[in-house]
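Open the model in your viewer and keep the selection panel at hand. The stops below can be taken in order.

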Amino acid sequence: MTEALSDSFALVGRQMRHIRRMPEQLLGITVMPVALVVVFGYLFGSAMQVPGEGGYKEYIMAGIFAQVMLANITTTAVGVVGDLNNGLVDRFRALPISRSSVLVGRTVADAVLVAWTCAVMAGVGYLIGWRAHNGVLRTLAGFGLLLLMGFAMSWLGALIGLTLRNAEAVSALAGVVMMPLAFLSNAFVPLDGLPGWLRTIAEWNPVSAVVSASRDLFGNERGTSGGAFPAEHPIPTALVVLVVLIAVTVPLAGRAYQKAAAQR
Amino acid sequence: METAISAEGLRKRYGDHQALDGIDLSVPTGSVLGVLGPNGAGKTTTVRILTTLLEPDEGRAVVAGYDLAAQPRQVRANIGLTGQYAAVDERLTGRENLQLIGVLLHLGRRGARARATELLERFDLVDAADRQAKTYSGGMRRRLDLAASLVARPPVLFLDEPTTGLDLTSRLTLWEMIREQVRGGVTVLLTTQYLEEADQLADRIAVIDRGLVIADGTPDELKRKVGGERLQVSVAEDTDLAVVTRCLAGVVPGEPAVDLQNRTVSVPLTDGMGTISAAAAGLEGLGVEPEDFAVHRSSLDDVFLALTGQQGRTPAARQARRPGQPDPAGPAEDQAAPHTIKEKQAV
C-alpha cells in the first residue's frame, strides 16, 4: 500500500514537471477559466435575470466550476491515450510496480491541476463580486464536492481513453458526452423557463445535482424551487452519484489498464 | 539456472486471427536468441506475452526462473523491455526519465539519481541528459529507451525491433551497446525484421511465421539449410526465361527457382565448377546470351525468403511443421520446390 502511494506520488511528480515544461498548458488551465468567469459573469450576466439577490454573477459560478470539472473527462482521457500510444503504459506495466499506481497518479495529478484552476477562478470570481455566504467550512465543502466530481470525471475519462485508445475518437466522444451534460443542466440557466419534459431531464442530470449542491453550500441562490427529487435534495444526490460513479469506473478502468494495448 | 527463457505451446487468438499457434522457445542463460519473422508473424505478441503484458490463451513459460502465470511480479522484477516504439516520456529530460524509473523501482531518490548518471554515461547521453527527450534524435531515443529498460539491472532483456527505423550509424552504436549487455551476462531475446541484425547479434535464430516457429538454429545452420551456393542466371527477354529454366533443369537434379520479375533463374551449385561449366556450355549451345551469370552465396535473406515466402503456405505443410516434430521439409525439399517469392508470382 505504501509502495503504491509512493509510486503514485512519483507519477504525480512526473505530470507536474509536464506542466512546468508546457507553458501553454499552464496558460490553458489558468487563463481559460478566467476568461470563462469574465465572459459569463459580465457579458451574459448583463443580460440574464435570475431570482435572488446575488444576481447572475453569484448564480453562474457553481455552474462554471462544474463545467471545468466536466472537462476533466477529456484531460485525463487524452493523457492516458498519449501514454498508451507512445509505449509508456507498456513500460510501466512491465515494471514490478503496483499496477494501480499509474492510473491513480494520473487522476490525482489531474485533480491537483483542476484544483489550481478552481482557485484561480474563485479569485477572479471574488473580484467581479461573487461571494460565498455560508462560512469557511461549507465553502470548503462546496469545493470538495466539486473536486470529487473532477476526480470522478478523471476516472471516467481514464476508462474512455483506455477503451477507445485513440485521441481523435476520445475528443469526439468527449464532446458528445459533455455538451448535453453541461448544457442540459442548471449550470448556466435556471430550469424554470424550460418546457416540462426538458426540465425533468435537466433535473435528473447529475451535473444539476452537483451544481445545486455547491450553490447550497456556497450560499448562492439555486434560482429554482421545487421539482424532482434530485432538485429537492441536491447534496445527498450529488454525493451518491459521484461515489457510485467512482466505485464503478475505478475497477473498470483498472481492468482496461491491465489489458491495455496500444492501437497502431 | 541454465535456461533463462523457456516457452511451451504459446497460443493467442484475436477474434478469428490466430496470432500465435503454439510457439516453443528456449533461450540458454547468457545467450542471444534472435526472433526473426515478417510483419504480423507474431513476434511482438510473443514478446508481450513473455513480458507479462499479455496473457496467452494456452501454453506456459518460465522467464528468469519464474513462472509467467504464477509469479508475474517476480518476472517483471527480472526483465527489461525495450518495445517497438521508444517508450520515453518526451517532456521529461533524459535524466528525469531514468530517475523516474529508478524511483518506481524503489532505488531511493539518491540511488535513482546515481543509476541515471551511470546509464547516461554508458549510453553516451551525458550531453543531452538535461534536455527534454522530445529534442532527441531517433537513435538517442532508442538509447534512452534501452537505458530505461536496464535501470533495474535485469538479467533478462527483451528487445522488440530495437533498431527499426534507425540509420546505419545509430544501428551500429545500438548493436555495440546490446553486445556490451551480453558480455555482462545478460540473456537477450531480440525480435527483428533485419536479417543482418540477427546474424550480427544472435547466437541462435528462431524464424517465426504465422504464429509458428518454422525453423531454428544458429545462423550458419540456417544458411546451410537453404543450401550453400547457387548459380544465378538473368536474361533480358521473358522468352529466354523458359529456355534457360529448361537448360538449367537439365544440369542439376531438382527444379530451378524462377524469379519472374527479375527474369532470373537459379539452381543450387551441387557440383561446383562442374555445374557452372555444364550450365555455361548448355546456354551457349542454345545461343542464349545471359545478362548476368553469377554465383550467389546464400545469406540469411535466402533462408528467410525460402522459409517464409514459400514454405508453410499450405495447411499440410503447416501441419507437418508443428514444432517438436522433425522438420520434414528439410534441405532436399527446399531445393526441390521453386524459390520463387510469393509476391512475385502474382506479377
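This is a predicted model: local features need pLDDT of at least 70, side-chain atom pairs count only at pLDDT 80 or more; totals for chains, interfaces and linings use all residues.

Begin by showing chain A and chain B together. Here 27 residues of chain A are in contact with 29 residues of chain B. The two chains bury about 2,600 Å² between them, with 56% of it on carbon and sulfur atoms. Select Arg21(A), Arg91(A) and Pro96(A): in chain A these lose the most area to chain B, together 28% of what that side buries.

Now colour helix 1 (2–21) and helix 5 (88–93) of chain A, each of which supplies at least two residues of the side that touches chain B. Helix 1 of chain A gives the largest share of that side, 9 residues.

Next, turn to the rings. The model has 11 aromatic pairs over all chains. Select Trp130(A) and Phe218(A), an edge-to-face pair with 5.4 Å centre to centre and 85° between the planes. Trp130(A) lies in the loop between helix 6 (100–128) and helix 7 (135–164) of chain A and Phe218(A) in helix 10 (residues 206–218), so the pair ties together parts 88 residues apart in sequence. Both Trp130(A) and Phe218(A) are buried.

Then select Phe40(A), Phe44(A), Phe183(A) and Phe188(A), which form one aromatic cluster.

Finish with two charges over rings. Arg215(A) lies over the face of Tyr59(A), 3.6 Å from the ring centre. In chain B, the charged end of Arg171(B) sits over the ring of Tyr194(B), 4.0 Å from its centre.

Technical notes. Residues are numbered from 1 along each chain as its sequence is written. Chains are lettered from A and ligands numbered from 1 in the order in which they are written. Side-chain values use heavy atoms; hydrogens and water are left out. Rings of Phe, Tyr and Trp (its six-membered ring) pair if their centres lie within 6.5 Å; planes under 30 degrees apart count as stacked, over 60 as edge-to-face and the rest as tilted. Helices (H or I, at least four residues) and strands (E, at least two) are DSSP runs, numbered from the N terminus. Buried means under 20% relative accessible area, exposed over 50%, partly exposed in between (1.4 Å probe, protein chains only). A charge sits over a ring if NZ of Lys or CZ of Arg is within 6 Å of the ring centre and within 35 degrees of the ring normal. Contact means heavy atoms within 4.5 Å. Buried area is the accessible area (1.4 Å probe) that two parts lose on being put together, summed over both.
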